[in-house]
Amino acid sequence: MADTMNHIERDVAALSNKPVDRLTTYPLAMGVCRRCVGDGKMTYREWASDPKKFASGFVAGQKAFDFDFAIGLMDLSVMAGDLGAHVRMDEQNTPFVDKTVVNNPEDYEKLRVPDIRQGRSHVLLEGTSLFVQELGSQVITAAFLEGPLLALTQSASAEKVFMDMVNNRSAVHKALQTMTDYDVEMVKAFAALKGKPAGFVWDYLWGNYSCLGDQEYEEFESQYARKLNKLVADNGMAMCIHNCADLPHLDTQITAFKPAIYSMAYYPLIPGSPSPKETIAKGYADNCLIGGQIDPQLFVRGSVEKMEATTMKLIAEVKTAMCQRGLHSKYCIASGCEVPPSVTTKLDNIKACVDTVKKYGQIQC
Ligand SMILES: [Zn+2]
């Protein structure tokens, strides 16, 4: 069936649980879309180091795949890198921190908010502004940034931070305050851009029962996150959350934080990991657009047929669960985390996912 709403009409309807011509869809294809630019040979390093190239990936990806949203994720080492950690950037893959900046307890207190007009913070800000100016009239756009605890674990290593939560608690809190101050500056800078994004996505990865209980999460992230969430809203952007953990803190991150969009993953082999139908049945989609939960690896390993079948199965599951709950549109067919930005990801699978939603994503209860 042909679309009868444009992207923004559909997005706005879905965000407020109004009927839609079909479900929204956004496989989280960010870095991989650089391969849609020109001859397809742009390296990850080029894409992540130049605002124009960063933006060009989103624009070309939109043209190629016709998504319903555009979310400006670069990668999770932007803040850590600008704080002084060494980021290993391979030509064609997600960069990662290979030398942390916190190596003993005193280092936590030495962290300083960097100059966000330089480094990859600057690339991210300017690049986001550019793609929002290009795509903001077609789709709902959002900025993307690491939350304070993720920025700290990226800078110091998760293992170290989790140990120091016990052994050097006040030092960890000082560092988290610095991360929060850095996040505050970034939120304000995103809101002041010429191309101001409509939404702002926090990566609050550590709200995960595999790692932290409710009390620890409250102490080491929520108390900072609540201020940041409010700051996003006060700056006129819709607050959204990405958390691809196996056992996410849904009561805190959805029910209490009240994001407009919550993007999440599903781990079928982990007992208790929330499936799409459980997430909807338990009411988490009642007031929040849930995005998920296709395995990102399927975009690398799966055939087009497998991708279509998986997408159809997810659509059917979501439709049934939403109809039972009396919902019209509060689910976006998406991947649980970023589609790997590697050269081995099959671009045809991204298209197959979107096209399957266009074909079979209509909802009639
Ligand atoms: Zn993720």
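# Contacts, helix packing and backbone geometry

Colleague: Which residues does Ala-13 touch, not counting those up to four places away in sequence?
Modeller: Ala-13 touches Met-5, Lys-18, Pro-19, Val-20 and Ser-329. Two residues are in contact if their C-beta atoms, placed from the backbone, lie within 7 Å.

Colleague: What kind of model is this?
Modeller: This is a predicted model, in which local features need pLDDT of at least 70 and side-chain atom pairs count only at pLDDT 80 or more, while totals for chains, interfaces and linings use all residues. Residues are numbered from 1 along each chain as its sequence is written.

Colleague: Back to Ala-13: in which helix does Ala-13 lie?
Modeller: Ala-13 belongs to helix 1, which covers residues 7–15. Helices (H or I, at least four residues) and strands (E, at least two) are DSSP runs, numbered from the N terminus.

Colleague: Why is Ala-13 partly exposed?
Modeller: Ala-13 is partly exposed because 17 other C-beta atoms lie within 10 Å. A residue is buried if 20 or more other C-beta atoms lie within 10 Å of its own, exposed if 12 or fewer, and partly exposed in between, with C-beta atoms placed from the backbone.

Colleague: How many Å separate Ala-13 and Val-102 in space?
Modeller: The C-alpha atoms of Ala-13 and Val-102 are 45 Å apart, and the two residues are 89 apart in sequence.

Colleague: Now for Met-239. Where does Met-239 lie?
Modeller: Met-239 is part of strand 7, residues 238–243. With 23 C-beta neighbours inside 10 Å, Met-239 counts as buried.

Colleague: With which residues is Met-239 in contact, leaving aside neighbours within four places in sequence?
Modeller: The contacts of Met-239 on that basis are Phe-200, Asn-229, Val-232, Ala-233, Pro-259 and Ala-260. As for Phe-257, its C-alpha lies 9.0 Å from that of Met-239, and the two are 18 residues apart in sequence.

Colleague: Phe-200 was on that list. In the largest nonpolar core, which residues touch the most other members?
Modeller: Phe-200, Val-201 and Cys-288 do, in a core of 118 residues. Helix 9 gives the largest share of this core, with nine residues. A nonpolar core is a set of buried Ala, Val, Leu, Ile, Met, Phe, Trp, Tyr and Cys residues joined through C-beta atoms within 7 Å.

Colleague: And with what is Val-201 in contact, beyond its neighbours within four places in sequence?
Modeller: Val-201 is in contact with Ile-71, Ala-142, Ala-143, Phe-144, Cys-240, Ile-241 and His-242.

Colleague: Helix packing next. At what angle do helix 8 and helix 9 pack?
Modeller: Helix 8 (residues 158–167) and helix 9 (residues 169–191) pack at about 125°, and their axes are 6 Å apart. This makes helix 8 oblique to helix 9. Angles under 35 degrees count as roughly parallel, over 145 as roughly antiparallel, 65 to 115 as roughly perpendicular and the rest as oblique. Axes are lines fitted to C-alpha atoms, for helices over the stretch in contact, and angles run from 0 to 180 degrees between N-to-C directions.

Colleague: Which residues meet there, in helix 8 and helix 9?
Modeller: From helix 8, Val-161, Asp-164, Met-165 and Val-166 meet Arg-169, Ala-171 and Val-172 of helix 9.

Colleague: How do helix 7 and helix 9 pack?
Modeller: Their angle is about 115°, and the axes of helix 7 and helix 9 are 8 Å apart. Pro-148, Leu-149, Ala-151 and Leu-152 of helix 7 meet Ala-175, Leu-176, Met-179, Thr-180, Tyr-182 and Asp-183 of helix 9.

Colleague: What about helix 14 and helix 15?
Modeller: Helix 14 (residues 304–325) and helix 15 (residues 347–360) pack at about 40°, with axes 9 Å apart. The two helices are therefore oblique to each other. Among the residues that meet are Met-307 and Ile-315 in helix 14 and Ala-352 and Tyr-360 in helix 15.

Colleague: Last topic, the backbone. Which peptide bond is cis?
Modeller: The bond from Gly-292 to Gln-293 is cis, with omega near -20°. Gln-293 is placed in strand 9, residues 289–294. Most residues other than glycine have a negative phi, and most peptide bonds are trans.

Colleague: What is phi of Ser-157?
Modeller: Phi of Ser-157 is near 85°, a positive value in a residue other than glycine. Ser-157 sits in the loop between helix 7 (148–156) and helix 8, and counts as partly exposed with 18 C-beta neighbours inside 10 Å.

Colleague: And where does Lys-258 lie?
Modeller: Lys-258 is in the loop between helix 11 (250–256) and strand 8 (261–264). Lys-258 has a positive phi of about 55° although it is not a glycine. With 14 other C-beta atoms within 10 Å, Lys-258 is partly exposed.
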